[in-house]
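The stops go from the whole chain to single residues.

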Amino acid sequence: MISSQRQHLILSRLRTRGAVRITALSEELGVSAMTIRRDIADLADKGLLKRVHGGAVTTSSLLAEPLFSVKSQMDIGLKDAIAREAVSYVSPGDVIAIGGGTTAYVFAQHLLESRRSSGITILTNSLPVAELVQALESKDVEVIVTGGVISRSNSLVGPIADKVVASLRVNTVFLGTHSVSIPRGFLMPNSLEAATDMAMMQIADKTIILTDHTKWSSTSLSLFAGFNDVEAVITDDELDPQDSRKTKELVKTLVLAHQNSAEDNNEERDNVDE
């Protein structure tokens, strides 16, 4: 298959999926990952797609967000590192909120595998997170679901969700974000989802943003939080040094999670807590 044919197929997959992974394209098209990387780089130079860690997204991401099923396959290692770091911000018996999106979902996975989840209550507008808790054999974790309209990211949003959220109170809310804008803050492409994130922040003592380094190069429409509204931003250590420096000047705490050592560091913190 010649380069132009491969690139046409890559663009075709992007139009239907919103995002693609290099490894999946390599298997699907029967070529090396290096060949796919060159094709993606060439298409990015032409402005036909946007490169992200491990793959590419459509250039129309300003207006539309990829489906949850697509995003869950992107940047898995980065999400794992961020999630493991975030678990240390939860203590047994806490009442927390977890927003929508795949990074927040991976955080929920790691939290529920940790002893820190003992006796916690989770408020969530994420259908995948709610299903994850319900699938547990142990009933030591309680889950409250907001209700609302289902978004492309499998999140429940809108006036119903906002009303339920406003009647409750949590210690900490953990939210993902579609993009990070310096010095504005954190944005989503869906205005209803942004409003529900804001509602959850208003009932929380602390807000933790979970996002990988690629979000600093993305753009979205709806601002839901400024840097001074959050307690901490947890991202990965591939964040551009200039973006890292500017973010540290704006936010109270910036945590850079390392992919290789994240699990070891988390285990060390659990041992200290015991």
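**The whole chain**

Of the contacts in the protein between residues at least 6 apart in sequence, 66% join residues at least 24 apart, where contact means heavy atoms within 4.5 Å. What you see is a predicted model, in which local features need pLDDT of at least 70 and side-chain atom pairs count only at pLDDT 80 or more, while totals for chains, interfaces and linings use all residues. Residues are numbered from 1 along each chain as its sequence is written, and side-chain values use heavy atoms, with hydrogens and water left out.

Colour the chain by pLDDT, the predictor's confidence in each residue on a scale from 0 to 100. The average for the protein is 86, and 85% of the residues score at least 70. Now select residues 261–274, where the pLDDT is below 50, although this stretch has 15 contacts in the model beyond near neighbours in sequence. Where pLDDT is low, the predicted coordinates should not be read in detail.

Switch to a cartoon view, in which the secondary structure comes to eleven helices and 15 strands. Helices (H or I, at least four residues) and strands (E, at least two) are DSSP runs, numbered from the N terminus. Of the 274 residues in the protein, 53% are buried; buried means under 20% relative accessible area, exposed over 50%, and partly exposed in between, with a 1.4 Å probe and protein chains only.

**The seven-stranded sheet**

Select the strands of the open sheet with the order S6-S5-S4-S9-S12-S14-S15, whose pairing is parallel; two strands pair if DSSP finds at least two bridges between them. Strand S6 (142–145) and strand S15 (254–257) stand at the edges with a single partner strand each, so one side of each has no neighbour in the sheet. On average, neighbouring strands here are turned by 20 degrees against each other, direction ignored. For such angles, axes are lines fitted to C-alpha atoms, for helices over the stretch in contact, and the angles run from 0 to 180 degrees between N-to-C directions.

Next, select strand S9 (residues 170–175), where five of the six residues are buried. Three bridges join S4 to S9, and five bridges join S9 to S12. Moving on from S12 (residues 204–210), you reach S14 (residues 232–236), joined to S12 by three bridges, with Ala232 as the bridge partner of Ile208.

Select the open sheet with the order S10-S11-S13, whose pairing is antiparallel. Its edge strands are strand S10 (179–181) and S13, each pairing on one side only. Three bridges join S11 to S13, and Phe186 has Ala225 in S13 as its bridge partner. Helix H9 (residues 191–202) lies across S11 and S13, at about 10 degrees to S13.

Show the side chains of Phe186, Phe224 and Phe227, which ring pairs link into a cluster. Rings of Phe, Tyr and Trp (its six-membered ring) pair if their centres lie within 6.5 Å, and planes under 30 degrees apart count as stacked, over 60 as edge-to-face and the rest as tilted. The rings of Phe186 and Phe227 have centres 4.9 Å apart and planes at 55 degrees, so this pair is tilted. Phe186 and Phe227 are both buried.

Select Ile10 in helix H1 (residues 3–17), which counts as buried at 0% relative accessibility. Leaving aside neighbours within four places in sequence, Ile10 is in contact with several residues, including Leu25, Leu29 and Leu43.

Then move to helix H2 (residues 22–29), in which Ile22, Leu25, Ser26 and Leu29 are buried. Seen down the axis of H2, these buried residues fall within an arc of 105 degrees, so they line one face of the helix; the arc is that of the directions from the helix axis to the C-beta atoms.

Finish at His213, in the loop between S12 and S13. Is His213 buried or exposed? His213 is buried, with a relative accessible area of 17%, and among its contacts beyond four places in sequence are His53, Leu78 and Asp236.
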